[in-house]
Amino acid sequence: MPIIEVRNLSRNYEYYRKRPGIEGSLRGLFRREKLIAEAVKDVSFSIEEGELVGFLGPNGAGKTTTLKILSGILFPSAGDVRVLGHIPFRRQATYQKQFALVMGQKNQLWWDLPPRESFVLNKEIYEISDSDFKRSLDEFCELLDIGGILDVPVRKLSLGQRMKCELVTALIHRPKVLFLDEPTIGLDVVAQKNIRDFIKKYNDEKKTTIILTSHYMEDISRLCRRVIIIDLGKIIYDGPLEELVRRYAQHKLLIIYFSAGNVKIQDIERYGEVAAIETEKAVLRISRDRVKETASAVLSSNLPVDDILINEVEIDDVIRAIFSNTAAPRGGNGSLLPK
Amino acid sequence: MKIVTARHGFMLKSARRRGPNRKMMIASGMRKYWVIFKISWQKELEYRFNFFLGRLRNIIVMLLLYYVWYTVTKKSGKFAGYSQIELITYVFGINILRAIIFGAQSKQVASDINDGSFSAYLIMPINHFTRTFSAEFAQRSLSLVTALAEVILFSSFLKVNLIFQRDAAILALFSLSIALASVLYFLFSYAMSLLAFWSREAMGPRFLFDWFLEFASGAYFPIDILSPALASIFGILPFASIMYLPMQIYLGRTGVRGAWQGIALQSVWIVVFFPMVLWVWRRGLNKYTGEGI
Amino acid sequence: MEMIALIKKYIRIWKQLSSLAIGSSWSNRIDSAAYLAGKLIRFGFFLLLIISLFSFTDNLAGYSQYEVILFFLTFNLIDVSAQALFRGIYAFRADIQRGNFDFVLSKPVNPLFYSLSRMTDILDIIFLAPIIVLIVFVMGKLPKPPDTVHVFLYSVLIVAGMIIILGIHIISAGVAIWKIESENFIWLYREAMTIGRFPPEVYSPTVRLFFTFAVPILIAVAFPVKILLYALDWRWMMFTMLYAVAFFGFSLIVWKASLKVYSSASS
């Protein structure tokens with residue numbers, strides 16, 4: 001029995017368009033043009049207990065909208081959604097006590113006061129007993145090493161410390177389901193790693209079902225075995241991460257800068273797949289095991305090479321590659337076809 | 001703030017020698033403030049609900065005061081040395097003066113400082129004071145148009161007669177006092193906002209200042225209905241010259257001589273406060289940018 | 001049984017929210033003190049205006065000096081209490097803009113209760129003390145001092161008034177959701193409230209009608225005083241209480257509808 005079940009979910013919303021200039025403003029005072037956008041289009045998926053699923057997609061793809069619908073904050077325009085057997089937008093207390101939502105860069109901690117005070121507030125809201133509360137708090141203090149900052153006003157904490165406390169606020173009532181919307185955004189590398197390790201450990205130990213959205217490849221690759229990719233409101237991939245990685249992130253990018261502008265594409269093509277070419281720059285996609293030898297081959301050839309860079313393919317690039325026309329052929333509804 | 005130093009003066013002189021170029025330089029310099037004016041005007045209209053409600057708010061205060069004065073003058077047609085028409089003109093006149101003299105842009109400065117967006121002004125080739133003034137000008141122009149419409153609407157609706165001052169000398173002095181009052185208000189308001197350089201907490205003191213000003217400037221009631229002791233104290237404070245003085249001039253209650261005296265007082269206050277504001281600005285800027293620490 | 005447990009839960013939440021609000025006020029003590037000072041100045045100046053008016057006349061719209069002051073004090077009693085208890089609404093719009101309201105919706109707590117109670121103002125509660133003292137003092141100076149029954153009725157109508165004002169706050173919250181640009185709606189209420197500082201007879205009959213029934217300010221702040229002055233008959237009193245209940249019900253309907261709008265609009 002899946003914990004999260006989504007069938008044919010759709011979500012539209014309206015917005016207004018403003019015309020530029022003073023005339024536009026004056027006109028806008030009395031009549032404005034209403035437009036409709038489809039944030040989520042006919043999305044279906046199901047998630048079992050204990051899974052840690054990554055939601056990927058460019059900005060505005062519909063990830064946050066989907067999470068909000070699962071949290072009961074937004075109504076679906078069409079379709080069926082069930083989490084833990086409940087319909088989220090009914091906002092029943094029994095459902096709300098079993099899940100938690102964390103949004104990166106949005107805090108629910110009180111700014112001027114120590115995190116402990118916000119924890120106590122959640123304790124009362126979620127009706128946690130004093131003993132459960134103490135036990136959970138002690139556990140989190142150890143896991144996340146926040147014992148020392150419990151009584152420091154939130155505004156004096158670093159971004160990483162604040163994020164840790166946000167997580168504790170969300171988890172203090174031991175939810176069965178956790179929605180994480182960009183939890184590591186804006187954090188430094190060390191803080192990101194801490195949060196990541198914590199999420200992994202938490203998922204391992206408590207078998208909490210987690211949906212995670214992120215822009216960082218590291219987050220996804222370290223935590224998620226399964227990813228769902230959303231673009232323009234539709235799911236274009238739902239499957240194991242390995243599969244995705246095998247197809248796209250097994251490559252590195254070889255960026256060649258030329259000192260002369262007369263390099264022809266035929267001269268470069270023999271070294272590998274050309275991802276982009278401009279007058280004085282070419283980008284090749286080479287598989288990881290061959291990139292070094294290709295680089296030396298290019299350097300020792302008679303091409304007018306000025307500079308050469310070897311770059312990782314970012315998850316954003318993976319996605320961009322997926323979405324661009326030069327990448328894998330697509331099926332009728334935009335889904336990825338197997339190679 | 002531009003202090004014309006000897007060096008600067010020299011630059012201006014040589015610019016003059018360059019002829020038409022100087023005009024173009026000034027024109028392009030001025031153009032950016034015109035753009036700010038346009039954008040601010042648009043911003044006001046963008047938040048249309050906001051704007052309409054802001055006006056409605058002014059109307060309610062105007063009506064409240066109208067009714068109070070109307071009620072006390074119902075029987076005898078006069079009150080505390082004022083005729084009914086004078087009091088009602090006072091109330092409606094204040095509504096228009098508010099649009100000209102009170103502005104909101106200077107308050108924005110405080111939040112800009114506190115959230116750091118003030119830094120943008122330090123990098124851009126733009127004078128903060130002038131920029132604030134241009135944006136202010138836009139907002140006030142819009143408010144003035146609506147304030148006039150409100151007064152016309154309500155005076156015809158309530159069938160009131162207002163005093164129309166015809167004496168040219170008085171009108172001239174009235175206009176002068178309004179201009180000076182605007183400058184005085186702007187100085188105070190700007191200075192209050194600059195407190196944000198020192199404290200995150202700028203809203204509370206602003207609230208305190210605004211309400212004190214509402215009464216001390218005569219926006220709610222003419223200062224001279226207070227007991228003579230209080231009236232004389234408030235009379236000499238700079239705040240009374242922001243609203244009370246111009247209205248008294250308009251109503252003809254000061255006469256030409258009294259008007260000149262009032263204007264002189266306004267000027268004195270401006271001369272006193274201008275360097276103070278400048279000083280606060282410099283100190284604040286130092287603190288903000290970390291100089292002199 | 002379940003009801004009692006629920007009430008206890010909300011009392012505990014209210015206590016913790018208030019404690020957080022007080023903590024916040026304390027960390028922003030300059031701001032908080034300045035706000036209180038501003039309110040005191042406003043209070044003081046209006047009182048000064050009334051007293052000054054009466055140095056030139058002995059009658060304002062048929063009321064004597066202490067009667068007019070009583071209207072003013074009652075207005076303050078209700079207004080300040082509402083400010084103290086329902087101040088959360090003033091931060092509500094900012095919360096929605098920042099997306100923090102989403103958190104509130106995802107928790108097992110009534111979002112309206114939470115949003116209203118988020119910022120209990122301790123300084124306003126302190127401000128109530130001198131107001132109540134002044135009211136008692138002025139009651140003694142009235143031309144016809146009220147008996148216990150009428151003081152009781154006065155208190156009942158004050159409660160009714162609070163319920164009406166609460167309704168106004170709830171409607172403001174609803175509108176804040178509906179129109180994201182509506183910064184000024186709650187302030188419109190604040191400005192409209194100002195007409196309650198003076199006795200209703202100051203205004204023209206049309207204005208009086210409008211602010212009694214359409215925007216129920218006079219009914220909330222002036223009626224309690226009238227009953228104390230033996231100027232309100234029992235039928236109006238009954239009407240007021242019914243109106244309070246009906247208006248409150250209406251405000252809840254508006255809130256529910258707005259919540260629906262929120263959950264149908266993307267941020």
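Predicted model: local features only at pLDDT ≥ 70, side-chain atom pairs only at ≥ 80, totals over all residues.
**Exercise 1. The loop at C:Y230**

Task: Find where C:Y230 sits in chain C, and decide whether C:Y230 is buried or exposed.

Solution. 
- Step 1. Check the backbone. C:Y230 is not a glycine, yet its phi is positive, near 60 degrees.
- Step 2. Count the neighbours. C:Y230 has 12 other C-beta atoms within 10 Å. The cut-off for exposed is 12 or fewer. C:Y230 is therefore exposed.

**Exercise 2. The fold of chain C**

Task: Work out what kinds of elements build chain C, and test its radius of gyration against the globule rule.

Solution. 
- Step 1. Count the elements. Chain C has 13 helices and 0 strands.
- Step 2. Read along the sequence. The pattern is α-α-α-α-α-α-α-α-α-α-α-α-α.
- Step 3. Apply the rule. The radius of gyration of chain C is 20 Å, close to the 18 Å that the globule rule gives for 267 residues, so chain C is as compact as a globular protein of that length.
- Step 4. Along the principal axes, the C-alpha atoms of chain C fill a box of roughly 60 × 45 × 40 Å.
- Step 5. Look inside. Of the 267 residues in chain C, 40% are buried.
- Step 6. Look at sequence separation. Take the contacts in chain C with a separation of 6 or more: 80% of them join residues 24 or more positions apart.

**Exercise 3. Confidence**

Task: Identify which element of chain C has the lowest mean pLDDT and which has the highest.

Solution. 
- Step 1. Start with the whole chain. Chain C averages a pLDDT of 89, and 96% of its residues score at least 70.
- Step 2. Go by element. Helix α9 (residues 185-193) of chain C has the lowest mean, 78. Helix α3 (residues 65-86) of chain C has the highest, 94.
- Step 3. Note the model scores. The ipTM is 0.85 and the pTM is 0.78.

**Exercise 4. Where chain C touches chain B**

Task: Describe the side of chain C that touches chain B, by element and by residue class.

Solution. 
- Step 1. Count both sides. On chain C, 35 residues are in contact with 31 residues of chain B.
- Step 2. Name the elements. α2 (29-53) and α9 of chain C each give two or more residues to this side.
- Step 3. Find the main contributor. α2(C) gives the most, with 15 residues.
- Step 4. Sort by class. This side of chain C has 21 nonpolar, 8 polar and 6 charged residues.

**Exercise 5. A helix in chain A**

Task: Decide how many residues of helix α2 (residues 63-70) of chain A are buried.

Solution. 
- Step 1. Check each residue. The buried ones in α2(A) are A:K63, A:T64, A:T65, A:T66, A:L67, A:K68, A:I69 and A:L70.
- Step 2. Conclude. That is 8 of the 8 residues, so α2(A) is largely enclosed by the rest of the structure.
- Step 3. A:G72 follows α2(A), with a positive phi near 85 degrees.

Note on methods
Residues numbered from 1 in each chain as written. Chains lettered and ligands numbered in written order. pLDDT = per-residue confidence, 0-100. Helix = DSSP H or I, 4+ residues; strand = E, 2+ residues; numbered from the N terminus. Rg over C-alpha atoms; globule rule 2.2 N^0.38 Å. Buried ≥ 20, exposed ≤ 12 C-beta atoms within 10 Å, placed from the backbone. Contact = placed C-beta atoms within 7 Å. Nonpolar A, V, L, I, M, F, W, Y, C, P; charged D, E, K, R; others polar.
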